[in-house]
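The exercises below are to be worked with the sequence and the model side by side.

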Amino acid sequence: MDVTLPIIILALPLFMFLFLGLLGKYMSHRLAGILGTAGMGITLICAYTVAFTYFFSGNPDFINAEGERLQQIVFNVTWLQFTPSLVLRLGFLIDPISSMMLVVITTISFMVHLYSNGYMRDHHGVWEKGFQRFYAFLSLFSFSMLGLVVATNIFQMYIFWELVGASSYLLIGFYYTKPSAVSASKKAFIVTRFADLGFLIGILILSFYAGTFDFTHLTSVAVEGLNHVYQVSEGTAQNILSIFANNPASTFMGASVLTWALVLIFMGGMGKSAMMPLHIWLPDAMEGPTPVSALIHAATMVVAGVYLVARLFPLYLMETAALDIIVVVGALTAFYAAMVACVQVDIKRVLAFSTISQIAFMMVSLGVARPEFHHGLGYMASMFHLFTHAMFKALLFLCAGALIHAIGSNDYTAMHGLRKYMPITHVTFLIGCLAIAGIIPFAGFFSKDEILTACFGHSIFWYIWMSCVAGLTAFYMFRLYFLIFWWKEHKVHDPHHAPHDQPWTMTLPLVILAVVSCFAGFVPFGNLVTWNGHPMFESVSFLTNLENLDWSVAAISLTVAVVAILIAMKMYKTENELPAKMRNALPALWDWCYHRFYWDELYMFITHRIIFGLVCKPIAWFDRHIIDGTMDSFATLTNKASWSIRGLQSGNVQTYVWIYLIGVILLGSITAICLI
Amino acid sequence: MFDNILIYFVVIPVLMLAGVALCKNVKQIRAVAVVGSLALTALSVYLLLDYLHLRHVGATAQMLYTGSWAWFTPLNINLSVGVDGISIAMILLSSIILLTGSFASWTIAQPKEFFLWLILLSTGVFGFFISIDLFTMFMFYEVALIPMYLLIGVWGSGNKNYSAMKLTLMLMGGSAFLMLGLIGIYYHSAPEGQPLTWNLLEIARNGAISENWQLFLFPMTFVGFGVLGAMFPFHTWSPDGHASAPTAVSMLHAGVLMKLGGYGCFRVAIYLMPYAANELAWIFLILTGISVVYGAFSACVQTDLKYINAYSSVSHCGLVLFAILMLNTTAMSGAIMQMLSHGLMTALFFALIGMIYGRTHTRDIRQMGGLMQIMPYLAVCYVIAGMASLGLPGLSGFVAEMTIFVGSFQQGMTDYLAGAGSLRLVFTIIACCSIVITAVYILRVVGKLLLGPVYDDHHRELTDATWWERLSTATLIICVAAIGCFPNFFINLIKFTFSPEIFSVLNFTQHSGIASVLGMN
């Protein structure tokens, strides 16, 4: 493939970041917005071209005679040479998942760029302070995220992983005069940094044993070990499995070194993808502007962890212990987040917990994926859900942004009954809810159904568990929907200031994403994205996904979703006492859910009391009083010693004569004694 | 003598001294300082390019531009000069920091005396980096240390007499060890019957220091230089010293002088005494490993901006010595990168702190807040410096730390698998933890100092950076970003020196010292 488009995809957002960041203050707000959006638009076109070429051109570089999709490295430049053999390169890898991610990122990013032109103004059209900076940061984020997904090696991924974290920090703290935004951004950075420590050590272990950072080498070899052929365009390496197995220190504390490496790498993914117990930063990250939440904390950055596991999936297949851990972590997180989402008041927090829960679905799906079952259905389902979730969750967040923009508050208590005032938002939000609840034929139905099927193939327990979570999902989303748009009539005191739909820059992304959420489920993912590039279906049509459904699973999940929606309708459609009764019936449960199971309090205790109080402060005290005290005491002792012998040097001649005489007598007597 | 380019790194500062002495007003002094340091920077860039060219066309000598002039023949003392990639990197660093430091002291009181001492200090620094004769090296080392006393004692702030005295005495204490070590090396510099020498390269070629003497002399020199490299537990001069020092002095001290310590440790201690380095590395690994996390933890609870940075320097410089002691090519290259990176970014930090302090007249982060709204330029620079410090890719800290971690981990695993103990591995993982702690204290400062609401309404009238301040900080930021974006250029510059033919310590595959002492496996 020609290198021009890939270079534009990476270079243009970076250029826009530097351009808007350095020169933004010299240009008008409008111009900065237009330039930023246009830049992202060009990137979008390039990314679509690349993805389209990859999937549909039939070029033998991308697809072989058997219809299997291949990995292709477009360019790879040496950036830092650690040792003659261990080289850190920056490059551009295209394969099914990176092409898919290019589409997702540029689509959502473009929508958010467009939307922010309207969102980042108040009702009188006055631009928000720092508007240019906002676009600069968005561009930086897009650059980092694109660099992350096209990484050719795990260290490149780590580099962009850190950059993504930093741009997330900058965007969460965009309203930097607000203390809550500042502490939220700090929290997000530090929690993910802690997770990255695991990621880094995992990389170090993996690279020490394998002698390479390159994905193509790591995964191709792993796949050969499993008797599958995942062809790569260049190079072969030794069999990693045997390297790990034949090593004298191949086990550590009962688990193999490879398991350790993979679990530590997954820890990095847990941080970015907000898996329990490292999820605490994501709800707070909602302090950022809502378009940022849509882009970073719903659609793109938070799925980086899923993408990481997917990228190394062949390696994970060699150590299913690590996959089992992923399933457990994912399933617990999914359930926990769904429970919490049921009682939150802040609509962005509900969506945040919903995001955590949905990402956990993707994780579980990867964890249960096995080549034996439907050619690794779980892997495909996970990527499919990543794709559809990005679309409908971004839609929901952008709707929430429109609501917040119109009402000026994040709480649903200030909204209620908005359906008449904001009809477009109402319809698009409803489509988003239907999609996430998994109602046929909206996008979420297909992807979630594939995930549940994959769980079913793995273990009946996790299938039931995840189905319950899916039911909860439908419940809390429709609770939110009814509380915002129904419940009771909205009281308007002044008809001139009635809430209303938004300018076209905000409406257009909503409509586009709503349409996508309606139809994204029909994309024949099984033929585009599979774990080994091998297509799942013989023939492809628009109805492929529908024809290949497991209808027994689908019927059950549909029933669960519909029942959950009906319960939500019963409870929240009109103002009634039922929710209060429910709450009083289970006060403890409600309390724990409302306070998010007190995770934040626990973390506060650990960081403030233990780390600051019992580590940092004693160390600082020790340094000043013990170490420095010792150094000072040398000086003091020297001083004291000088003072104490200072009396001898008095300047008094009589004293000197006395001492002289005593000395002479002493020496004389000693000499005399010796001589005798 | 004057046909050797290296001599000019001492000649130009001496001319600057004369120039400053003749100046009549502050404008002339500024002009001399800026022109002189620009000349030094230009010269070091030329040296860098010429060196790369010479290597490219096939120069294989360990040191280039060598020259030697007799100074005191009865003791064989010569002024011997010569540089390799590492010295050139250090020279470049020093000249950039001198340049930016001159801009940062634009409005200092009593400029004539201040610049005289500052330039004298940098004469010592440049002389140290070009020397390959142990005696002249030590002499230049002392020339660099002494002016510090006056610079802090006269132009400093706060408890300046105490700090100046403490800093000078502790560093002099280190020098005392060092001098013993160097004299010891001199008396064992050649085999029986051959003339003794101070020349580094000849001593290394002779390899005549017996193993027992190495075990005695290595700690002497390592601790001697280590005091200046802020090695735990000899680091306590650093927080007080930096807190009292004026801006440019903090910049030069943290940016360049602390590098003398690291540079000396590997150029003298490890290079000349490979056997002892291998045997005794474990002691200093533990000490420097402690430095890395200890400094970072201490920084978390400080309230004075300069204390935070001083402790952060303890952590970062600890990483330099830590990486050198890995005795592994990758980690040692990382150490040099870390020296460059730390030099630039700490200089940037101290410059910014000086500028903020000059406006708000406080360095207590509890007394300030929301400076981003008042002085956005300085605040953004501070955030960039912070990001470099916590290892954001694209800035210098990341490449240095990652090179160190990759090298250390490889060495640690090699040791472990060879049955030579898990000390290196364990301490590498402990050192890795510093990336999290660093993030904690950097973001704490950024959050309290720059973001949030304005704490003190009097601060609202303060102004943003002046042109000379902008020039100074922008230069440093560009350098930090250059290292962060093109690390391989610098790795290629320094990698020549770290080959087993030159550093014989890299030939020790079994790290017997560690294994025998700790018996870990």
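**Exercise 1.** How many residues of chain A are in contact with how many residues of chain B?

*Solution.* This is a predicted model, in which local features need pLDDT of at least 70 and side-chain atom pairs count only at pLDDT 80 or more, while totals for chains, interfaces and linings use all residues. Residues are numbered from 1 along each chain as its sequence is written, and chains are lettered from A and ligands numbered from 1 in the order in which they are written. Taking contact to mean C-beta atoms, placed from the backbone, within 7 Å, one finds 40 residues of chain A in contact with 43 residues of chain B. On the chain A side, two or more residues each come from β1 (72-81), α5 (154-172), α6 (179-210) and α26 (599-646), and the largest share, 13 residues, belongs to α6(A).

**Exercise 2.** Describe the pairing and the burial of strand β2 (residues 77-83) of chain B.

*Solution.* Begin with the partner: strand β1 (residues 64-72) of chain B pairs with β2(B) in the antiparallel sense over six bridges, where pairing requires that DSSP finds at least two bridges between the strands. Within this pairing, B:Ala70 has B:Asn78 of β2(B) as its bridge partner. Next, consider the hairpin of these strands, which has four residues between them and in which B:Asn76 takes a positive phi near 65°. Finally, six of the seven residues of β2(B) are buried, that is, each has 20 or more other C-beta atoms within 10 Å of its own.

Notes. Two residues are in contact if their C-beta atoms, placed from the backbone, lie within 7 Å. A residue is buried if 20 or more other C-beta atoms lie within 10 Å of its own, exposed if 12 or fewer, and partly exposed in between; C-beta atoms are placed from the backbone.
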